[in-house]
Amino acid sequence: MSDFQTWYKQVPPFTRIWLTATVGISLLAKIGLLPISYLILQSAPFFYKLQLWRPMTAVLFYPLNPATGFHFMMNCYFLYNYSLRLESDHYKQKPGDYFFMLFFNWILCVIVGLVMDLPILMDPMVLSVLYIWCKLNQDVIVTFWFGTRFKAMYLPWVLLGMNMILSSGSIFSLVGIFVGHAYYFLKFSYPSELGGPALIETPFFIKRYFPDVQGGTHGFGVPPVGQRPVQQQQQGDMAGFRHAWGVGHTLGRN
């Protein structure tokens, strides 16, 4: 138990809260303490009955049964590893920016979910974070099923293909890719590559509540240009051998 507590306390705060809420709400719904009908995203109860919690629970809840249990565990695995890597690397000195990134992705997932009538948003939310990590580390080599290796920039599309083959959840993957790309484009690509103004800036009150951390050297806010450092690629290669399920070395530990 002490080992678990030590590990749990070392998880960055936003990742820890997100993962804990996801597992907790899904398990409470599984054992019947939370009614599933009140957790999913539905436009009529949200707008006309003011059930304002639905956009949040739709991102955190996932129905658990023998057919979905493995997918849920892999989603939690993706959530933990990619959110942890972003929060502890690119956003280590700017927790407010990471919070605002999660907020932006959540809002966009909810808007698309309401328009497309998607009741559960865990998949697109997790994949949107995965997509941003892959774009910021696009030249890192990842390892997929059967030892296949490719650059991280292709990983979201490989996962989309796998979802199309193994399940009917490709629409959720597409939404996640769209949301992640929207953030990456507005935050990084448009200002730095196209010379446009910064279209996504963290509000002052969030910065005030989650102030920047001084010290250290991190490349936050600068999209990767060319090839990433060799050391980071080597870390990715090594992690690929630790996790061979198929979402790459990137799912490994730091």
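A residue is called buried here when its relative accessible area is under 20%. By that rule, Tyr91 and Tyr98 are both buried. Keep in mind as you look around that this is a predicted model. The protein chain has 254 residues, and buried ones make up 50% of them.

**Overall build**
- Eleven helices and two strands make up the elements of the protein chain.
- Reading from the N terminus, the order is α-α-α-α-α-α-α-β-β-α-α-α-α.
- Of the contacts in the protein chain with a separation of 6 or more, 69% join residues 24 or more positions apart.
- The protein chain has an accessible surface of about 13,200 Å², and carbon and sulfur atoms account for 67% of that area.

**Helix H7**
- Helix H7 covers residues 122-136, and its 15 residues should span 21 Å at 1.5 Å a residue; the end C-alpha atoms are 22 Å apart, which agrees.
- Burial is worth a look here too: 15 of the 15 residues of H7 are buried, so the helix is largely enclosed by the rest of the structure.

**Aromatic pairs and a cluster**
- Rings pair when their centres lie within 6.5 Å, and the count comes to 20 aromatic pairs.
- One of the pairs joins Tyr91 and Tyr98, with 5.3 Å centre to centre and 55 degrees between the planes, a tilted arrangement.
- Tyr183 and Phe188 form an edge-to-face pair, with ring centres 6.3 Å apart and planes at 80 degrees.
- Tyr183 has 1% relative accessibility and therefore counts as buried.
- Phe188 also counts as buried, because its relative accessibility is 2%.
- Tyr91 and Tyr98 belong to one aromatic cluster together with Phe14, Phe99, Tyr209 and Phe210.

**A charge over a ring**
- Arg16 lies over the face of Tyr8, and the distance to the ring centre is 5.8 Å.

- An unreviewed UniProt entry lists residues 17-40, 60-80, 100-121 and 154-179 under "transmembrane region".
- In the model, residues 60-80 are 62% helix and 0% strand, with end C-alpha atoms 13 Å apart.
- Residues 100-121 are 77% helix and 0% strand, and the end C-alpha atoms of this span lie 18 Å apart.

Note on methods:
Residues numbered from 1 in each chain as written. Predicted model: local features only at pLDDT ≥ 70, side-chain atom pairs only at ≥ 80, totals over all residues. Heavy atoms only, no water. Helix = DSSP H or I, 4+ residues; strand = E, 2+ residues; numbered from the N terminus. Expected span 1.5 Å × (residues − 1). Buried < 20%, exposed > 50% of the residue type's maximum accessible area, 1.4 Å probe, protein only. Phe/Tyr/Trp six-rings, centres within 6.5 Å; stacked < 30°, edge-to-face > 60°. Lys NZ or Arg CZ within 6 Å of the ring centre and 35° of its normal. UniProt positions renumbered as here; feature names shortened; annotations may be inferred. Contact = heavy atoms within 4.5 Å. Areas by Shrake-Rupley, 256 points an atom, 1.4 Å probe, with all protein chains shown as cover.
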